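Subject: Structure handover

Dear colleague,

I am passing on a structure for you to look through, and it is shown just below.

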Amino acid sequence: MYKYIIYLFLSLIILNTSFAKTINKINSRVIQQKADECLTCHFDNESNNNEPAHLFKQDIHFSKGIACAGCHGGDSSKDDMDEAMDKNKGYIGILSKEERYQVCVKCHSDPNKMKSFGSNIPTDQFEKLKGSIHFIKSVNAVTPIADCVTCHSVHNIASVKDPRSKVYPANVPSLCKSCHSNPTFMKQYNPSLPVDQYEKYRTSVHGKQNLKGDAKVAECVSCHGNHDILSVKNSKSPVYPSNVPQLCSTCHSDKNLMDKYKLPHDQYENYKGSIHGEALFVKQDISAPACNDCHGNHGATPPGVESISNVCGTCHAFNAELFAKSPHKKAFDKLKYPECITCHSNHKIVHATDELLGVAKNSKCVQCHKNEPNDKGFMIAAEMKSLFDSLESADKISLDLLKSASQKGMDVSEADYSLKQIKQILIQARTITHLSDIKEFKDKMDEGFIITNKTKQAGLDAIDEFYFRRYGLGIATIIITFLVVLLYIKTKRIDKKK
Amino acid sequence: MTYKKKNQIKNGEKTRRDFLNILLSGGFIAWVGAVVYPLISYLRPPQVEVVKVNSVNIGKITDMDKDSGKIIKFGNDPVIVIKLSDGEFRAFSASCTHLDCIVQYRKDYGQIYCACHNGRYDLHGRNISGPPPAPLAKYEIAIKNDEVTVYKPSA
Amino acid sequence: MKETFNKKIYNALNERFQLDNLVSFLKHKSVPKYRNTIWYYFGGISLLLFIVQVATGILLIMYYKGSEDLAYESIKFINAKVSFGWLIRSIHSWSANLMILAVFVHMFSVYFLKAFRKPRELTWYTGVILLFLSMGFGFSGYLLPWDQLAFFATKVGTDIAGQLPFVGDFLLKLLRGGEDVTGATLSRFFGLHVALLPGVFVVFLSLHLIFIQRQGMSEPEDWKNKKESEKTTIPFFPNFTVHDLLIWLIVINILAILATFFPWELGPKADAFVSAPVGIKPEWYFLFMFQSLKYIPAKVWLIEGELLGILGFGLAGLLWVLVPFWDSKTPKGKRNKIINYVGIFAISFIIIFTILGYLLD
């Protein structure tokens, strides 16, 4: 008997204190909640599941004055189970996974309702979710893969800004990982989708900072979105290749934010002006490298100094292979020079011109090599550039000669065709420079010189032939005229005779 | 008097006529030359660019049976490759030195044989019987990684 | 010494072939000398050009390949790679055109000088046949380079042949070697151009020349009433021959100059599925017919306009050929002004429509 009174007394006290909190937060327009009998009963329910009730005390909805009946329906003022959980009073109990999101949507998609609780959070979550990959792709085509409850949980829903919330930035990776790192689960939806994003993420700077509790660094939601997550292949997705640079720049171009981590903030600007940026943005070539292709996407880290040529080499394979065999690799690694970037820069990679090679003032080679007797590199660079220039000028000479010959009406189509190879040879030569081996370079140049010599000769021969024809004609005409005159005299003679 | 003069005149005319005839013949020959030279030039076949071939890969060691021969194309020339019973490879020009028929390896003779006029060569290319006046030119063989390559003779 | 050597050869041949008769006969051959003698040279010029054609043609055959895939390239090869190939090819093309021009001039001069009258009717008929054969040479040879212009010109030309009533369809298939102009057409035209036509031409040419040699040069009509002593003539051998030689040398030189300064073109390779090039027209010697056909309305009475045109030309040609028949006056020694008027009309028609054909591109 006394036990009962004590319990009642205690519940009243607890209720009052909870209510006290709620009264402070309640708006005048809100219906004052009377004692929540559902919570009272279920809180003490030791035979049944009393966890929800315990959890609910920390729930933001609870603090806003929304009781159990706010979602489950029914009459929260009644302490009799049948009266409280009355279907006629709107009791819906625990909804199935297919339908439970409707409960959330009822308030959260209604801007007026949200305002009445003093909330400024957006009301378009469901609209976004409807179009997202989490909602579209379900195994039985009825249940969404992830709905509100999947990520926000239930009964202890906290604000995003609250570190206790499952969707607080620092907690998001663990939340997403629960499905996305489970191969058996993921296999049902997309067997080819990787399941190592979390592992990789934890190796990245973003991941390491996130683990420390930094809510400012990128986590899953920062890049993929929260409610409107789309497949990478969808051009509207922020992680679609041509959208990636802008995505990264939302943080990485923010001076205030970057200064805190002592990072530069000009990468995006530089990238936009680079040849890769031009390919991606102007030419719409989605195979062009964006931030993630060199830095990684989940395990985003700038490549180490010694591995840069490997990264660039994933596309520029031949150049990387030659560089790795060249004396530069060892030297650069020793001096901690970032391989390819040393000459070509990292973000603002512009179209490499032939001015990079050689010993002129603005060339790259002279930044290290000096005109000294023991600097072999200087001599090699000078020789390479001079050979290169010679071939280019020999090409031009041949081109002009052939043009002049064909304008005279001579057929030089074969020579024209073979001269076109020079362009290819120059392109190959530019690649060979990465080997920094003068013999290989010379061999390639010699291939070109053979062609320019032959075509030059063909052009000269054609022009000679042109003049030869006219001189030949002249000689033949002279002979004929001579003969004609003689014959004429002869005819006069013969005519005179008769 | 007039008769002499007439004769002189006639003689003068005669020499002038002869001179004219000589010039005419000379001119005519020059004209014929100016016509015939292009004609002959035209009939001479123009040079066709020949791709220089210095070596030909003929496949693996195991591709040929022992004691057999085969003809391969080496640029524009035929070359006969023989694999002896002990596995040694040899290569010679396959143009018979008699009148350029293509020779063959005769297993039953163990010799290189030319069907046109019964010419025979030994396995070193030396002409040993029949009309061929000279031996077959030797080609070099190089074997690397089980691949057999025929090279042009170094001479 | 030289004389006796020549004499020796002559005597040797004379013993075997009785050349004396022939020589004395030829020695008496003469050419009338008057204001129109100059036209007498055009027969010889035509002959020279034919000889040039045969010679250059034989040389071209050494390198030309008459199949669809190789024809065009072989012409390029001749032009670019073969020593003096450009010269032989351009001379062949220029000489072809000049020969047809010369033959036309020769024909018209014979017409106006009335040399077709008795006893020279057969000479006229063989001459007309030679004219048609020459135009056949022109038509068939034109296709051989297998470039765009050639292809379409042949297409149009054989199409016109196909318009003829009754025989049109058969003729078209015969010429084309099929329904369309293809490699089969090329093969046929090649055989026609280098084998059939030369053979037939040489037969008629020989007849033509034999007739001329046998009958001597035609004299102007008003000489009919002249006495032998009043007629000024020059002996064919050696006077006229030497004059001929002179002119021939000059013509050869002209050919060489034309070939060097105005080399014959080679357009893009023939492609059956490309639109006909703008301004396509046949060679100049067909142009007047081509152009005048354009002016005939599409349908006249019940007959198709083009067909009427073709039949019209056929009829006109036939009348022209048969002129020895309907010129009854000239053999009687009377002047026949009608012949002259008809002739002037024909020449004017041809010239005007040829010019129109070029101007109205």
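Phe104(C) lies in helix H5 of chain C, where helices (H or I, at least four residues) and strands (E, at least two) are DSSP runs numbered from the N terminus. This is a predicted model, in which local features need pLDDT of at least 70 and side-chain atom pairs count only at pLDDT 80 or more, while totals for chains, interfaces and linings use all residues. Residues are numbered from 1 along each chain as its sequence is written, chains are lettered from A and ligands numbered from 1 in the order in which they are written, and side-chain values use heavy atoms, with hydrogens and water left out.

Phe104(C) is buried, because its relative accessible area is 13% (buried means under 20%, exposed over 50%, and partly exposed in between, with a 1.4 Å probe and protein chains only). The C-alpha atoms of Phe104(C) and Leu49(C) are separated by 13 Å, and these two residues are 55 apart along the chain. Phe104(C) also belongs to the largest nonpolar core, which has 41 residues, and it is listed with Trp124(C) and Phe201(C) as having the most contacts inside that core. A nonpolar core is a set of buried Ala, Val, Leu, Ile, Met, Phe, Trp, Tyr and Cys residues joined through side-chain atoms within 4.5 Å. The elements of chain C that give two or more residues to this core include helix H3 (41–61), helix H6 (121–143) and helix H9 (183–215), but H5(C) gives the most, with 11 residues. In soluble globular proteins, nonpolar side chains tend to be buried together.

The bond from Lys118(C) to Pro119(C) is cis, with omega near 5 degrees, and Pro119(C) is found in the loop between H5 and H6 of chain C. The bond from Phe237(C) to Pro238(C) is cis as well, with omega near -5 degrees, and Pro238(C) has its place in helix H10 of chain C.

Chain B has 155 residues, of which 30% count as buried. On its surface, Phe28(B), Val32(B), Val35(B), Val36(B), Leu39(B) and Ile40(B) make a nonpolar patch of about 440 Å². Patches are made of residues with over 30% relative accessible area and no salt bridge, with like charges joined within 9 Å and nonpolar side chains (Val, Leu, Ile, Met, Phe, Trp, Tyr) within 5 Å; a salt bridge is a side-chain nitrogen of Lys or Arg within 4 Å of a carboxyl oxygen of Asp or Glu. Val35(B) sits in helix H1 (residues 2–43) of chain B, and it counts as partly exposed because its relative accessibility is 32%.

In chain A, a surface patch of negative charge gathers Asp79(A), Asp80(A), Asp82(A) and Glu83(A). Asp79(A) lies in the loop between helix H5 (68–72) and helix H6 (81–84) of chain A, and it is exposed, with a relative accessible area of 60%.

Finally, Gln284(A) has a phi near 55 degrees, a positive value in a residue other than glycine, and its place is in the loop between helix H20 (275–282) and helix H21 (291–295) of chain A.

With best wishes

Key:
Accessible areas come from the Shrake-Rupley method with a 1.4 Å probe; for residues, only the protein chains shown count as cover. Lys and Arg count as positive and Asp and Glu as negative; His and the chain ends are not counted. The place of a charge is taken as NZ of Lys, CZ of Arg, CG of Asp or CD of Glu.
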